[in-house]
Amino acid sequence: MIHGVHSNEIQELSNKLFSEILKEQQKVMAVKPADEDKKHLTEEVLKEYEGYKGRGFFFNYMASGRGHGPFTEIIDGSVKYDLIGAIGPNLLGHSHPLYIKAHLEAATNDVMMCGNLLSHLEPYELSKTLIDSVKGSRLKHFWFAGSGSFANDSALKMLWQKKAPNYRLIAFQKAFAGRSIATQDITYNAAYREGMPSSIKVDHVPHFDHTDPENALDKTLNALKEVVKEYPNQHCAIMLELVQGEAGFVYGTKEYYEGVFKWAKENGLYIWVDEVQSFARTRELFAFQHFGLDQYVDIVTTGKALQACGTFFTEELNPKPGLIAGTFNGSIAALNAGNKIVRYLTEGNFYGENGRIQQLEEKFISKLNHLGNTTCKDKIGYAGGVGTMISFEVGDASKETTSAFIKKLFENGIVSFLAGKDPVRVRFLLPLALTDEHIDEIFSIIEKTAAEVL
Ligand SMILES: Cc1ncc(COP(=O)(O)O)c(C=O)c1O
């Protein structure tokens, strides 16, 4: 269906613009240091911005709006590998043709944003694609939200309405669920809710312990049994990330999750999976599909790489009118991009055995292990992850050492970030635009940085 205004001339101009923009962006294709005459710019702009924001920045980074594939340009003219993708959203890489197309098509529309009261074709088409992508599960509906945190809030409200007055929630240690008033209580790190009153009652149990895989399920089940013994008949659901992002990519096995989920079902609990970070990044579009858990999930939240956020839910959890609403679905360009992204990913060779995502996972983990066993012995320790979510430990895995490593890595041409606490890990959220040549260069930068810092 045609969206917005359309004519042959608009189409011709749009095609021309598309190729001109892409050609210009493609000039940003290699790591380079700052330009001498622009060196001062980033610090100056960030300093001023810090004043407006009230807080400093971790990296000396201010995007110029130019970049291509895995490369991002900073206003000082330097170019770096972006291996964190704005903490998740930028899965396809910079100036991907689909992003450019989505913007140009959106420009023919009469509005910027669309919402729930008066609908548009973009959220309709994206919903259809999304529901189609979960057809092996019992998820039947999707509701948009303005952020991952708010998608989680909607999920909680649906569960509460269905299970009232069982308002307690079971979540996992090291979980991160967002920054809203509800999700800050689900998030495990108490430093993120300093001075806050507790608004929901959450009981945290241990996630999969990769240092003791044989007993991991029993440890979780024992903790779950303790929790329901202490608070009988008071919980609505069990909520978890199958791959815990902020924890540094902590994840279990299919058997582990099945054991936990069977117990949850036997105990009358709904299963809520938070895929805000893991969406599109495992060897299947959803982590619950990657682990073969389609039959168990009752409610799933998503965001980041989709360019939009929202909540999938079953027929049974469909709330009464009035509970869930809100002005925005998202911007026309973002919803349009979301639809193109899901179709591109599911129709291309990204998922499944030998898909590009599996190749990236295997390449990164084996190369990190190789460094840890050879030139970076005692410098690079644990390396692991699922799909495009890769993490590793450097030196003593303390916050100080890992921050120093990440800052040097940035100077040397790679943007990454921290994750986890005891141990702290280096986190990559890889873009799909990486070629094998890029990966070789990335590993020589990692090796050089380890020699300099550790
Ligand atoms: C697993 C998970 N849930 C929820 C959120 C919150 O999403 P948002 O920052 O869009 O509110 C995040 C963000 O990092 C996340 O990683």
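Biologist: Which residues form a nonpolar patch on the surface?

Modeller: In general, patches are made of residues with over 30% relative accessible area and no salt bridge, like charges being joined within 9 Å and nonpolar side chains (Val, Leu, Ile, Met, Phe, Trp, Tyr) within 5 Å. A salt bridge is a side-chain nitrogen of Lys or Arg within 4 Å of a carboxyl oxygen of Asp or Glu. Here Met112, Met113 and Phe328 form such a patch, with about 340 Å² of accessible area together; areas come from the Shrake-Rupley method with a 1.4 Å probe, and for residues only the protein chains shown count as cover. This is a predicted model, in which local features need pLDDT of at least 70 and side-chain atom pairs count only at pLDDT 80 or more, while totals for chains, interfaces and linings use all residues. Residues are numbered from 1 along each chain as its sequence is written, and side-chain values use heavy atoms, leaving out hydrogens and water.

Biologist: Is phenylalanine 328 buried, exposed or partly exposed?

Modeller: Buried means under 20% relative accessible area, exposed over 50%, and partly exposed in between (1.4 Å probe, protein chains only). Phenylalanine 328 has 46%, so the residue is partly exposed. It lies in strand β14 (residues 328–331); helices (H or I, at least four residues) and strands (E, at least two) are DSSP runs, numbered from the N terminus.

Biologist: How many aromatic pairs does the structure hold?

Modeller: Rings of Phe, Tyr and Trp (its six-membered ring) pair if their centres lie within 6.5 Å; planes under 30 degrees apart count as stacked, over 60 as edge-to-face and the rest as tilted. The structure holds 22 such pairs. The rings of phenylalanine 364 and phenylalanine 443 have centres 5.3 Å apart and planes at 55 degrees, so this pair is tilted. Phenylalanine 364 belongs to helix α11 (residues 356–373) and phenylalanine 443 to helix α13 (residues 436–453), 79 residues apart. Both phenylalanine 364 and phenylalanine 443 are buried.

Biologist: In what order do the four strands of the open sheet stand?

Modeller: Strands of a sheet pair through backbone hydrogen bonds, either parallel or antiparallel. Two strands count as paired if DSSP finds at least two bridges between them. The order here is β15-β16-β19-β18, with antiparallel pairing. β15 (380–386) and β18 (417–419) stand at the edges with a single partner strand each, so one side of each is left without a neighbour in the sheet.

Biologist: How many bridges join β16 to β19?

Modeller: Four bridges join β16 (residues 389–394) to β19 (residues 425–429). Serine 391 stands opposite arginine 427 in β19.
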